[in-house]
Every structure is written in structure tokens, then in C-alpha cells.
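Please open the model in your viewer and keep the sequence beside it.

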Amino acid sequence: MSSSPVDPADPVFRLHRGGKMAVASTVPLTSREDLSLAYTPGVARVCEAIAADPTLADDYTWASHTVAVVTDGSAVLGLGNIGPRAALPVMEGKAVLFKQFAGVDAVPVCLDTQDVDEIVAVVRALAPSFGGINLEDISAPRCFEVERRLDEALDIPVFHDDQHGTAIVVLAALRNAATLLDRKLGDLRVTVSGAGAAGVAVTKMLIAGGVNPDQVVVCDSKGIIGRHRSGLTGTKADLAASTNAGGREGDVTEALRGADVLIGVSGGQIPEAAIAGMAPGGIVFALANPTPEVHPEVAARHVAVVATGRSDYPNQINNVLAFPGVFRGALDARATRITDGMKVAAADAIAGVVAESLTAEAIVPSPLDPRVAPAVAAAVAEAARRDGVTR
């Protein structure tokens with residue numbers, strides 16, 4: 001008989017015992033009058049009002065401040081396809097972060113299916129209970145299709161955090177790194193290592209934020225993506241058509257030759273020699289967790305600014321800087337979707353929090369900085385109104 005994987009003395013297991021969240025009432029239930037108002041017969045009047053005017057659900061239910069955190073368990077953290085039940089602690093954690101940093105209520109929804117049609121159908125059916133949908137830990141390329149179809153079908157914001165949360169914080173960090181080094185985004189030669197969900201979103205976000213697409217080279221496990229590659233479909237075909245204008249070919253070492261920036265979102269290891277081949281005064285974001293594509297201390301021998309996805313090194317590129325404020329702002333504005341303009345506004349707000357105190361070790365705020373979520377929420381809400389996507 002195998003031993004249990006649980007160590008009751010481990011503080012991690014002690015903290016998780018019983019789960020990390022619960023439902024709490026916001027109204028008193030101490031008298032018959034309380035019951036008659038919160039439930040029958042009083043609640044019927046609210047139901048009838050919403051039936052007559054569905055927009056009243058925003059004012060008289062929790063929908064205006066609640067999102068669903070939806071996963072199929074197919075790409076959980078660095079653990080891979082561990083399934084919906086094993087993914088639940090992560091989704092609970094995400095929900096707690098929503099509440100702690102932005103006052104947004106969130107409900108974990110772990111689906112026992114990895115079929116795109118079924119995921120879309122289930123989420124569409126659940127949508128009336130929520131003001132937004134946060135897709136989480138769904139593997140590429142299915143995640144692109146799931147998000148696209150839900151975004152088209154629903155009149156509430158849909159946001160795949162593994163794509164866009166990462167991309168928003170990367171743009172914020174790169175904007176500040178460029179400012180620190182007296183560089184312009186449009187002049188930077190950028191290599192993105194990884195063409196999965198995060199890599200695709202980061203590439204699109206950087207371009208939306210001002211990076212020249214002709215100066216971007218994206219690599220996957222087979223090397224540089226470009227028009228020279230046959231058999232590319234979907235998002236990789238789009239990347240080949242919109243980036244790598246110089247037609248570079250080869251592996252990631254070749255892609256980094258003379259590059260100003262490396263954005264690592266692949267998990268694959270990059271040799272020190274490749275980093276040494278970058279242009280002087282470079283920038284490395286090695287974001288794979290727990291093992292960065294290149295060790296930050298190694299990267300620091302050759303470049304001016306280094307960031308990782310880890311909390312034990314400076315400049316942590318952490319999604320918690322983005323998603324709580326993004327949803328808070330979208331909910332406050334009663335947005336029907338999340339636009340590129342809202343994402344760029346979120347990145348600018350994150351960058352702005354530390355814009356007056358930049359150093360090579362502090363190009364983004366701490367994930368615990370209480371200024372971040374309110375700044376992001378305000379910027380996102382304003383952008384939603386500007387983009388005309390509010391109810």
C-alpha cells in the first residue's frame with residue numbers, strides 16, 4: 001500500500017484543510033421580518049421586477065460583483081493536465097485573490113469535460129448567475145476557441161487570465177524597463193520564446209502597446225516561426241504572417257542574436273550563450289515557473305534588467321497585478337466585453353504605480369501593493385466607456 005501524499009503537519013495542508021473560502025450572507029436573518037424580506041414572500045417582488053427588466057439583475061443580485069472562475073483542469077500551473085478536482089485548490093486560491101485585492105466575489109467552477117463544445121455550452125448556461133467569466137488553466141489551442149466563442153455569445157466580460165493577465169503585466173513591465181533604459185518600445189527587437197496561450201497573448205499585447213510587429217520574433221519548440229515554416233495553422237499561422245518581417249530562421253539562439261528583449265513563456269531552457277548574444281543593455285523576462293528559461297543570476301551577467309515569475313526574485317511578473325483590477329473595472333463600468341484598449345489601459349495603470357521610483361530591481365509593483373487594483377480598475381472602467389462596451 002502506498003503512503004498518503006498528505007502530511008498533516010505540513011503548513012500548506014493545514015491551511016488548505018476544509019478549503020480556502022466559504023459563502024457568507026450580506027443581510028440579517030434574525031427575525032420573521034428578515035426572512036419575509038430576504039426570501040418569501042418579499043423576494044418574489046424582486047423576481048417579478050427582473051423578469052420585466054433583466055438589467056435590474058445588476059442592481060438587485062450579486063451578478064454585478066461576482067465572476068465565475070472556470071477551468072477544465074487541462075493546464076494547471078506547471079502541473080499539466082491534472083483534471084478538474086485536483087484543479088479546485090487553484091481555483092479557490094484565485095477566488096480568494098479576487099476578493100482580497102479587488103472586492104470581487106468569485107466562484108470556482110471546475111468542469112469535468114475538456115470538449116470545447118461542452119465547455120462553451122455549460123458556461124453559456126451558467127452565465128446568468130455572473131457578471132463575468134474568468135477562464136483559467138485551459139490548455140492551448142482549445143483555450144483560444146473557448147474564449148472566442150464565449151466572447152461572441154455572452155454580453156458579459158470573458159477573460160482568459162493565462163493569456164491576457166500575463167500579457168498585461170508583461171507590457172507594463174516592458175514599458176517601465178524601456179523607460180528606465182531610455183528606450184522606446186517601437187525600437188526594441190523582441191524575441192518571444194513560447195507560442196502557447198501566454199506567448200500568443202503576450203505577442204499581441206506588446207504590439208497593441210506599441211512594439212513594432214516587424215521587430216518581433218516568436219519561437220516554439222521547433223524554432224523560429226515565420227513564413228518559411230510549412231504546415232502552420234491557426235494562431236501560429238497568424239504569428240508567421242504578422243511578425244518576423246526579416247524572415248529569420250533557426251532556433252531560439254538565432255532569434256536572440258542582437259535582440260534587445262527576451263520574453264520567456266515556454267518552460268524550455270535557454271543556454272547562457274544565447275543570452276550573451278543579445279544586444280548590450282538588454283532585457284530578459286524569464287517567466288517559466290518554478291524553473292525560469294534562464295536562471296536570473298545568469299541572465300544578469302549579460303543584460304540590464306531581469307524579471308521572472310517567481311516571488312523570491314525581484315520584478316515578479318504576477319497575474320495578480322492585473323486580473324482583480326481588470327474585473328473590478330469591467331464590473332464597475334458594466335462592460336459587455338474586455339477590449340484591447342482596456343488591457344492596454346490596465347498595463348499603463350500598473351506601470352504608472354511605480355513610474356516615479358523605477359530601478360532595475362523594481363519595474364513593477366509588488367503583488368501586495370494596495371494601490372494597484374484601484375488604479376487598474378479606474379483605468380479599465382474609463383477605457384470601457386471610451387470603447388463603447390458598457391451597458
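Two residues are taken to be in contact, and hence to pack against each other, when they have heavy atoms within 4.5 Å. With that in hand, and bearing in mind that this is a predicted model, begin by selecting helix 15, residues 340-353. Helix 15 is mostly covered, with 10 of its 14 residues buried, among them M342, K343, V344 and I350. Its end C-alpha atoms lie 20 Å apart, which agrees with the 20 Å that 14 residues should span at 1.5 Å a residue.

Next, move to helix 8 and select A177, which has its place there. A177 counts as buried because its relative accessibility is 0%, and, leaving aside residues up to four places away in sequence, A177 touches I283, V305 and I363.

Finally, select the cysteines C143, C110 and C219. C143 is buried at 1% relative accessibility, and its sulfur is 17 Å from the closest cysteine sulfur, in C110, which is too far for a bond. C219 is likewise buried, with a relative accessible area of 2%, while its sulfur is 20 Å from the closest cysteine sulfur, in C143, again too far for a bond. A disulfide requires sulfur atoms within 2.5 Å, and by this rule the count comes to zero disulfides.

Terms used: Residues are numbered from 1 along each chain as its sequence is written. This is a predicted model: local features need pLDDT of at least 70, side-chain atom pairs count only at pLDDT 80 or more; totals for chains, interfaces and linings use all residues. Side-chain values use heavy atoms; hydrogens and water are left out. Buried means under 20% relative accessible area, exposed over 50%, partly exposed in between (1.4 Å probe, protein chains only). Helices (H or I, at least four residues) and strands (E, at least two) are DSSP runs, numbered from the N terminus. The expected span of a helix is 1.5 Å times one less than its number of residues.
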